[in-house]
Amino acid sequence: MKSAEVLADAFERVREAVHASVEDLSPGHLNARLDEEANSIAWLVWHLARVQDDHVADVAGLEQVWLAQGWADRFELPFPPESIGYGHTSAQAASVQVASAQLPLGYYDAVHEQTLEFVRGLDDADLDRIVDKSWTPPVTLGVRLISVISDDLQHAGQAAFIRGVLLRR
């Protein structure tokens, strides 16, 4: 198995986890917060998709799906379009509200498609390219992609946990 195939498989697993956490949920479940400081499923999926979109578009030299395909307008969020959720206050996280599962899943799936198109075109040598010199040691493309996968799976797991709690109430 080649590195590109491993990365594509990992991103497919993220997609499966996202869909399993979101599909068939009501807007009430998607927007619910387990307490006044907790993130909702809607925020978690929006955030993980924004991080993936932002980071992959950056290393691939592409425009973010969020802007290129009009997702920023569809979500109608009260913060700048470049926001990806890092540093959000509880009130900002609460403002990510969706009317159906189709909105976060549609955006995530569009990001996923752009990500797969990019990673399937990589060869092993590409993964050693330095993409961020602000860290010590500098971050390679391979490390950045694994970081995105790790972050996405953690947030998808949080969304799955919240789903389980909400469906048992």
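This is a predicted model: local features need pLDDT of at least 70, side-chain atom pairs count only at pLDDT 80 or more; totals for chains, interfaces and linings use all residues.

User: Why are H1 and H8 called roughly parallel to each other?

Analyst: The axes of helix H1 (residues 3-22) and helix H8 (residues 141-167) cross at roughly 20° and come within 9 Å. Angles under 35 degrees count as roughly parallel, so H1 and H8 get that label. The crossing of H1 past H8 is left-handed.

User: What makes the contact between H1 and H8, by class of residue?

Analyst: The contact has 16 nonpolar, 1 polar and 3 charged residues. On the H1 side the residues include Leu7, Phe11, Arg13 and Ser21, and on the H8 side they include Leu145, Ile149, Asp152 and Arg163.

User: How do you know whether Thr115 is buried or exposed?

Analyst: Its relative accessible area is 1%. Buried means under 20%, so Thr115 is buried. Thr115 is found in helix H7 (residues 102-120). Leaving aside neighbours within four places in sequence, Thr115 is in contact with Phe11, Gln52 and Val56.

User: Leu127 lies in a loop. What makes it buried or exposed?

Analyst: The loop runs between H7 and strand S1 (130-132). Leu127 has a relative accessible area of 14%; the cut-off for buried is under 20%, so Leu127 is buried. Not counting residues up to four places away in sequence, Leu127 touches Ser3, Leu7, Leu122, Thr140, Leu141, Gly142 and Leu145.

User: Why is the pair of Trp43 and Trp46 called tilted?

Analyst: A pair of aromatic rings is described by the distance of the centres and the angle of the planes. For Trp43 and Trp46 these are 6.4 Å and 50°. Trp43 is buried at 5% relative accessible area, and Trp46 is buried at 1%.

User: What makes the pair of Trp46 and Trp66 edge-to-face?

Analyst: The planes are 65° apart and the centres 6.2 Å. Over 60 degrees counts as edge-to-face, so the label applies to Trp46 and Trp66. Trp46 lies in helix H3 and Trp66 in helix H4 (residues 65-68), so this pair ties together parts 20 residues apart in sequence. Trp66 is buried, with a relative accessible area of 3%. Trp43, Trp46 and Trp66 belong to one aromatic cluster, which also includes Trp71, Phe75, Phe79 and Tyr107.

How values were computed. Residues are numbered from 1 along each chain as its sequence is written. Side-chain values use heavy atoms; hydrogens and water are left out. Helices (H or I, at least four residues) and strands (E, at least two) are DSSP runs, numbered from the N terminus. Buried means under 20% relative accessible area, exposed over 50%, partly exposed in between (1.4 Å probe, protein chains only). Contact means heavy atoms within 4.5 Å. Axes are lines fitted to C-alpha atoms, for helices over the stretch in contact, and angles run from 0 to 180 degrees between N-to-C directions. Angles under 35 degrees count as roughly parallel, over 145 as roughly antiparallel, 65 to 115 as roughly perpendicular and the rest as oblique. A crossing is left-handed if the near helix is turned anticlockwise from the far one by less than a right angle, and right-handed if clockwise. Ala, Val, Leu, Ile, Met, Phe, Trp, Tyr, Cys and Pro count as nonpolar, Asp, Glu, Lys and Arg as charged, and the others, Gly among them, as polar. Rings of Phe, Tyr and Trp (its six-membered ring) pair if their centres lie within 6.5 Å; planes under 30 degrees apart count as stacked, over 60 as edge-to-face and the rest as tilted.
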